[in-house]
Amino acid sequence: MLSKRLIACLDVRDGHLAKSVKFVDTKDIGDPVAKAREYYLDGLDELVFYDITASSEGRRIILDVVEAVAEQVFIPLSVGGGVASVADATDLRLAGAEKINVNSAAVRRPALIAECAEAIGDQNVVLSMDIRRIEPSAHMPSGYEIVINGGRKPMGIDALSWAREGERLGAGELVVNSIDADGTREGYELGLTRMLSEAVRIPVIASGGAGEPDHLYDVLTDGKADAALVASMVHYGDYTVSGLKRHLHGRGVKMRMSW
Amino acid sequence: MAVIVDYDAGNLKSVERACREVGLSAEISSDPKRIRKAERVIFPGVGAAGSAMRSLAASGVDRALVDAFEASTPILGICLGLQISLEYSEENDTDTLGLLPGEVRRFRLDDPELKVPHMGWNAVRVIRPHPVLDGIEQGDEFYFVHAYRPIPENSADVIAESVYEGPFCSALGRANYVATQFHPEKSGRVGLRLLERFAEWDGRVAVDPAQPSDGDDTASQFDSSRSVVSRSRQRSA
């Protein structure tokens with residue numbers, strides 16, 4: 001049977017690794033290519049690059065980063081950040097990305113999901129959703145709202161209905177990123193992750209809030225996530241990829257333990 | 001020099017990079033002449049069976065692959081490459097190359113918690129020793145992305161199995177042809193080791209697995225496939 005996946009997310013700004021807390025206060029923390037290689041050799045199951053570069057000219061740099069990583073990291077590589085067209089997706093694929101994450105541009109123009117699915121295959125299109133908790137309303141009954149532009153612009157769209165719509169349009173996977181939990185190290189938002197995982201038949205990746213190994217355990221069991229995404233936990237050396245996997249395996253979660 | 005067959009079926013650069021990593025020089029080509037003359041052939045692919053077969057037929061690569069197979073060139077199929085080497089795929093109701101007898105069907109799972117496509121890391125259990133699978137140990141996992149599964153007609157062609165609800169064929173081999181449903185180029189170091197062994201393989205297997213075994217233990221598993229396979233044969237005749 002399938003193992004649960006441990007995914008490391010590298011936020012890249014102008015070619016450097018950055019990490020944000022609640023989507024603001026980003027700072028440089030190193031060379032993304034070296035980090036990617038280190039995690040790969042330590043048993044990482046999948047790697048996500050998120051390009052948080054603001055300028056369009058800076059966007060070329062991510063292609064170089066992806067290409068350099070793809071030369072030496074032989075696990076699935078997923079890239080997102082600013083993907084707004086099939087051409088963007090194709091450029092990243094040619095640079096070596098397996099999967100393409102779409103986010104804000106897909107909220108503004110949902111057909112982007114279908115277009116990318118047609119061009120590169122359903123299984124390679126990942127719908128990444130930034131979500132914040134709100135008071136449930138008639139318009140957004142799930143109590144969760146989609147936010148775009150790096151967490152700055154609430155869209156008045158219910159997260160549950162957007163997840164279902166994304167699946168219908170051809171997304172092969174969902175990333176559920178809780179803005180409320182992001183960078184807090186207090187744990188994933190389990191209720192949100194479970195709600196979306198139960199609502200779709202595509203894999204769900206939990207993101208935002210991991211601070212200790214049992215947070216991963218909780219979201220992979222109670223939260224019903226197929227994969228757990230980590231960033232600061234491993235970037236600052238508090239935990240290692242292999243250490244996290246050993247912990248999860250030790251608690252009975254099926255993980256890939258030989259590499 | 002190996003040829004990586006290009007037929008508009010996905011991104012081949014990851015396969016090329018992985019070959020380079022294990023010291024196998026490889027070129028990406030859709031030229032039937034180069035495929036016929038290749039020392040070894042890698043036949044990858046991601047996408048749908050229908051458009052893949054149309055593309056192969058349009059370029060003449062379909063015949064070149066059959067010729068390379070008959071000329072004993074070592075061939076490695078990967079994912080869709082494996083699937084369209086059988087005779088028929090339920091995906092787009094497509095007649096496929098037919099290097100080996102068998103068909104491809106969509107996963108139909110009873111457990112509502114199991115998702116299709118089968119995507120992620122799963123264990124691969126070698127059930128018939130093969131030079132290219134040599135060294136795979138119990139618990140070694142490989143990366144899969146597929147919604148359809150291969151069902152070779154002869155159980156002797158199944159060289160490895162994985163489990164997703166039930167067991168399914170995750171690698172097959174006959175004579176100079178070997179193929180994996182998983183992606184060795186995305187499977188970390190165990191995947192690279194598999195490519196390395198393919199790079200060294202002379203295309204022979206110690207015991208010829210091409211001999212169909214009658215009364216085999218998995219016959220019931222393949223019963224349902226026979227009618228479809230014969231239907232596809234009639235149709236293509």
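Chain B has 7 helices and 14 strands. Helices here are DSSP runs of H or I with at least four residues, strands are runs of E with at least two, and both are numbered from the N terminus. This is a predicted model, in which local features need pLDDT of at least 70 and side-chain atom pairs count only at pLDDT 80 or more, while totals for chains, interfaces and linings use all residues. Residues are numbered from 1 along each chain as its sequence is written, and chains are lettered from A and ligands numbered from 1 in the order in which they are written.

I will stay with chain B for a moment. Of its 237 residues, 52% count as buried. Buried means that 20 or more other C-beta atoms lie within 10 Å of the residue's own; exposed means 12 or fewer, partly exposed is in between, and the C-beta atoms are placed from the backbone. Two residues are in contact if their C-beta atoms, placed in that way, lie within 7 Å. Among contacts in chain B between residues at least 6 apart in sequence, 73% join residues at least 24 apart.

Next, a sheet. Chain B has an open sheet of 4 strands in the order β6-β5-β7-β11, with mixed pairing. Strands β6 (94-95) and β11 (148-152) are at the edges with a single partner strand each, so one side of each has no neighbour in the sheet. Two strands pair if DSSP finds at least two bridges between them. Strand β5 (residues 88-89) of chain B pairs with β6(B) in the antiparallel sense over 2 bridges, and the bridge partner of Y88(B) in β6(B) is D95(B).

The loop between β5 and β6 of chain B holds D93(B). This residue is not a glycine, yet D93(B) has a positive phi of about 50 degrees. Why does D93(B) count as exposed? Because D93(B) has 12 C-beta neighbours inside 10 Å. Most residues other than glycine have a negative phi, and most peptide bonds are trans. The peptide bond from V116(B) to P117(B) is cis, with omega near 10 degrees, and P117(B) lies in the loop between β7 (102-106) and β8 of chain B.

Now chain A. Strand β8 (residues 144-148) and strand β9 (residues 153-158) of chain A pair in the antiparallel sense over 3 bridges. V147(A) stands opposite P154(A) in β9(A). The two strands, β8(A) and β9(A), form a hairpin with 4 residues between them, and N149(A) in the turn has a positive phi of about 55 degrees.

Two helices of chain A also pack together: α6 (residues 159-169) and α7 (residues 190-199) meet at an angle of about 35 degrees, with their axes 10 Å apart. Axes are lines fitted to C-alpha atoms, for helices over the stretch in contact, and angles run from 0 to 180 degrees between N-to-C directions. L160(A), A163(A) and R164(A) in α6(A) meet M195(A), L196(A) and A199(A) in α7(A).

Last, where the chains meet. How many residues of chain B are in contact with chain A? There are 28 of them, in contact with 23 residues of chain A. Elements of chain B that give two or more residues to this side include α1 (13-21) and α6 (188-200). The residues on the chain B side divide into 10 nonpolar, 9 polar and 9 charged. Nonpolar covers Ala, Val, Leu, Ile, Met, Phe, Trp, Tyr, Cys and Pro; charged covers Asp, Glu, Lys and Arg; the others, Gly among them, count as polar.
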